[in-house]
Structures are given as structure tokens and as C-alpha cells.
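Please keep the sequence and the model in view while reading.

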Amino acid sequence: MAPRPVIVIDFGAQYAQLIARRVRELNVYSEIMPYTSSVADVLARQPQAVILSGGPQSVYVPGAPQVDPGLFEAGMPVLGICYGFQAMAQGLGGVVERTITSEFGRTHLEVDEPSPLLAGIPQTLNVWMSHGDSVTQEPAGFGRLAHSLGTPVAAFADTDRGFAGVQWHPEVAHTELGQQVIENFLYN
């Protein structure tokens with residue numbers, strides 16, 4: 001029997017392959033599927049979790065790729081990264097807006113709340129950001145975990161449902177302890 005994969009939903013990010021590789025480096029099988037895949041097609045792979053990748057668009061622009069709400073009703077853990085984080089927030093009732101301060105490159109992050117997602121992460125660290133939009137209000141039921149100067153909600157989690165997200169790119173080498181965040185999602 002084939003292992004149950006972690007599905008990486010590709011929203012057009014340059015890093016979708018890298019996300020899948022980082023998952024595999026943690027001894028977990030992963031596959032990439034396009035954002036146009038139906039929830040039924042994703043569930044047919046019997047994933048143990050889903051990771052929503054970054055992407056080049058703004059989630060609130062007409063015609064921008066969205067997350068099918070059925071994915072959040074499927075009863076599996078979901079991690080959103082960058083665009084995927086914003087799409088998750090918007091799809092679950094949070095607010096995503098254009099921010100005054102865009103963040104590109106190394107960014108100072110402050111952890112506000114301890115959580116399974118950020119276990120073993122210091123209160124301050126440098127992460128790699130690439131965004132001009134930001135989650136300004138997390139969805140109901142989510143805890144706000146971290147912020148940066150230009151991002152009021154840089155990470156959130158709803159541990160009861162296994163949902164979490166980060167605005168930064170934990171998959172790139174420029175992010176301190178990024179692999180730890182992915183490992184925490186997969187194993188915590």
C-alpha cells in the first residue's frame with residue numbers, strides 16, 4: 001500500500017517544489033497538485049495533510065485562485081504558506097488587505113503566543129517574507145501567534161481543527177528554523 005501523502009496545493013508559487021522537498025526531507029511522502037484540482041481529486045489521494053503554497057496574486061482580486069471550502073470540511077490538517085495563508089484566512093472568514101508596508105526579504109518576526117506550530121522557535125527570529133498584502137484579522141477560532149512590523153497577523157492556528165498558517169516562507173534557507181515549523185506542522 002502506498003504511503004498517504006501530504007498534498008502541496010500549488011497556487012503558482014516559485015517554491016511549491018521546495019515545499020514538497022522539505023516535507024520529504026522529514027521522511028514524509030508528498031505530492032504537488034495544482035490549485036485547480038477539485039476537493040474530490042485531492043481526497044482521492046487520501047492525504048494525511050494539505051499544504052497551501054504561496055502564489056503571485058492578491059487573494060481579493062476578482063478571479064484570483066481560491067480554496068474550495070470543502071477542503072476545510074474534509075477533517076484533515078491544513079497549513080497555509082504566504083498566499084496559501086491568506087487564502088485560508090479569507091476562505092474561513094478572516095480579513096486580507098493591502099498593507100502600507102510591503103515586506104520582501106529578511107524580516108524580523110515576533111512570536112506572540114506559544115503553540116504546537118511554533119514549538120522550539122524563539123520569541124524573535126528572522127524569516128523570509130515576500131508580500132504586499134496581509135492578514136489583518138484572523139478567522140474566528142484561530143489564535144494569533146506572531147507578527148512583524150508590516151504584518152499584524154504573521155501566523156495563526158486553530159489547533160482543534162488542525163489548521164495553521166504563516167505569512168513567511170519556512171521552506172527557504174533564509175528563514176531561521178523554517179524546517180522546524182514544517183516539522184512541527186507534520187508531527188505536532
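Where is the place of Y60? Y60 lies in the loop between strand 3 and helix 3 (69-72). Here helices (H or I, at least four residues) and strands (E, at least two) are DSSP runs, numbered from the N terminus. The model is a predicted one, in which local features need pLDDT of at least 70 and side-chain atom pairs count only at pLDDT 80 or more, while totals for chains, interfaces and linings use all residues. Residues are numbered from 1 along each chain as its sequence is written, and side-chain values use heavy atoms, with hydrogens and water left out.

Y60 has a relative accessible area of 35%, which means that Y60 is partly exposed. Buried denotes under 20% relative accessible area, exposed over 50%, and partly exposed the range in between (1.4 Å probe, protein chains only). Leaving aside residues up to four places away in sequence, Y60 touches Q90, V96, E97, R98 and D133; contact requires heavy atoms within 4.5 Å. Y60 and Q90 are 30 residues apart in sequence, and their C-alpha atoms are 8.2 Å apart in space.

Attention may now turn to the strands. Two strands pair if DSSP finds at least two bridges between them. Strand 8 (residues 151-158) pairs with strand 7 (residues 143-148) in the antiparallel sense over four bridges, and G143 has A157 of strand 8 as its bridge partner. Two residues separate strand 7 from strand 8 in their hairpin. Strand 8 also pairs with strand 9 in the antiparallel sense, over four bridges, with V166 of strand 9 as the bridge partner of A155. The hairpin of strand 8 and strand 9 has four residues between the strands, and G162 there takes a positive phi near 75°. Strand 8 is mostly covered, seven of its eight residues being buried.

Helix 5 (residues 178-187) comes next. Its buried residues are G178, V181, I182, N184, F185 and L186. They pack against strand 1 (6-10), helix 1 (16-25), strand 3 (49-52), strand 4 (78-81) and strand 9 (163-166).

How do helix 1 and helix 5 meet, and at what angle do their axes cross? The axes come within 10 Å and cross at roughly 70°; they are lines fitted to C-alpha atoms over the stretch in contact, with angles running from 0 to 180 degrees between N-to-C directions. Helix 1 is therefore roughly perpendicular to helix 5, a term covering 65 to 115 degrees. The contact is made by R22, V23 and E25 of helix 1 together with Q179, I182 and L186 of helix 5.

Terms used: Parallel < 35°, antiparallel > 145°, perpendicular 65-115°, else oblique.
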